[in-house]
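Thanks for coming. I will take a few minutes to walk through one structure, and the sequence and model are on the screen now.

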Amino acid sequence: MSIKLIEAQAVCPCDVLLQDFEGELLQQGYKPSTVLRKKRLFADLNDWLQAQGLSAGDLSYELADRFLFDRRSAGYARHKTLETLRPILDYLHLLQLVPPLEARGPEGPASVILDRYRLFLTAERSLATVTALRYIDCLRPFLSRRVFDGGLDLRSLTPADVTAFVVARCPQLNTGVAKLTVTALRSFLGFLHLEGITERSLAHAVPKVLHRRLAGLPKGLDHDQVRRLLAACDVDTAVGCRDLAILTLLVRLGLRSGEVARLRIDDIDWRAGTISVRGKGNCHERVPLPSDVGHRVAEYLQHPRPADAIGRTVFIRHFAPHHALCAGRVSGIVADAARRAGLGRVHAHRLRHTAATELLRTGASLPEIGQLLRHRRAATTAIYAKVDLDRLRLIARPWPEGDQ
């Protein structure tokens, strides 16, 4: 049912509604000064809806854009983006006064099949949403070639069509994006066959991207660089204490950024000294919790972690709303600390390499390293054999002397 905001206020007066909104924001950890600005924005939205004769149930991405456009046109210097409007919309949705605000979906004939494919990836294949969206982005150029007379033609696909696209497209991309493109294309072609859109799977028609798996070297940090990285966190602040715990987890256990972001308080077994890691493909595996890592995590949980944190994830945003960190922010924490330490550009995955190379230096075997990093194939761990210089010297043959 469509309900005007002004009608809702007939039941719940504006002052009471704003007071409840204020309490909701304060509970989420917003500062009083920020809450005051959000309340003013809330009142402006209410006035704008009444002036337009619109219903709160009609709020959409486009309608929010119109409100913000009018705000910018009126000369407002602040609160001009959708992100600043988000807490208000979430609150109205909580009261069932507005539907969830959906961003614009992909337009065009391919939107329907891509939506179905995205659900297939997340529900059936247990891929993370961000991974599914990356697959879809890689597929858009392919599907744009299959649009004829305003419709999408996938039933007449041939192996030659698939091969021609890869041959034309991949040379324009770097190796990583090219590999992801062919992976997404094989997956999508298999999906089309499962859906009965194509008579047989055309995944075999996708050529491989030439890439020598063990051509590169894993780039870990040395002892001094690790020391400088950890020292770049100010443990006297809540954010610094959190960041040090995150960096210690990455360096010592070789976790992925997404695994750190998904770590929950219930995943830590303090008595047994283990952590349940939520890894790729929705796999849960237990890894040991070293004492120094446990100390840093416990120190963060006991003191700096916000008391009004939303959810039970270990690591929380320290700016309102206090909800879980995302994987991208974990990577950002590594990059920020590396910059402060003067180490240049360092990504979270490099700390995974650091953990593996450090184990190798202490005498751990490749199977043991693969077990800690939770590699599914021994070939994935084999690349670390190339950085074990001491053992490589034992099998190196002397360089033949040239003719005198």
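**The second largest pocket**

I start with the second largest pocket, which has a volume of about 490 Å³. A pocket here comes from a 1 Å grid over the protein atoms alone: it is an open set of points where a 1.4 Å probe fits, with protein on both sides within 12 Å along at least five of seven lines, and lining residues have an atom within 4 Å of a point. Grid points are joined across faces, edges and corners, and the volume is the space filled by probe spheres set on the points.

Before going on, the terms of use: this is a predicted model, in which local features need pLDDT of at least 70 and side-chain atom pairs count only at pLDDT 80 or more, while totals for chains, interfaces and linings use all residues. Residues are numbered from 1 along each chain as its sequence is written, and side-chain values use heavy atoms, with hydrogens and water left out.

Two elements give two or more residues to the lining, α2 (14–27) and α5 (82–94). The largest share, 6 residues, comes from α5.

**Overall make-up**

The protein has 18 helices and 5 strands. These are DSSP runs numbered from the N terminus: helices are H or I with at least four residues, strands are E with at least two. Of its 404 residues, 40% count as buried. Buried means under 20% relative accessible area, exposed means over 50%, and partly exposed is in between, with a 1.4 Å probe and protein chains only.

**The sheet**

An open sheet is formed by 3 strands in the order β3-β4-β5, with antiparallel pairing. Its edge strands, each pairing on one side only, are β3 (268–269) and β5 (284–288). Two strands count as paired if DSSP finds at least two bridges between them. Between β3 and β4 (residues 274–278) there are 2 bridges; in one of these, Asp-269 has Thr-274 of β4 as its partner.

**The cores**

What are the residues with the most contacts inside the largest nonpolar core? They are Leu-229, Ile-246, Leu-249, Leu-250, Ile-275, Phe-315 and Leu-351, in a core of 42 residues. Such a core is a set of buried Ala, Val, Leu, Ile, Met, Phe, Trp, Tyr and Cys residues joined through side-chain atoms within 4.5 Å. Among the elements that give two or more residues to this core are α10 (223–231), α11 (238–253), β4 and α15 (348–361). The largest share, 9 residues, comes from α11.

Take Leu-351 as an example. Leaving aside neighbours within four places in sequence, Leu-351 is in contact (heavy atoms within 4.5 Å) with residues including Leu-221, Leu-229, Leu-247 and Leu-250. A second, separate core has 33 residues, including Phe-120, Leu-185, Leu-189 and Phe-191.

**Cysteines and one serine**

A search of the whole structure finds 0 disulfides, a disulfide being a pair of cysteine sulfur atoms within 2.5 Å. For Cys-170, the nearest cysteine sulfur is that of Cys-138, 9.2 Å away. Cys-170 is buried, with a relative accessible area of 11%. For Cys-241, the nearest is that of Cys-233, 9.5 Å away, and Cys-241 is buried at 5% relative accessible area.

Last, Ser-126 sits in the loop between α6 (111–124) and α7 (129–144). Its phi is near 60°, a positive value in a residue other than glycine. Ser-126 is partly exposed, with a relative accessible area of 30%.
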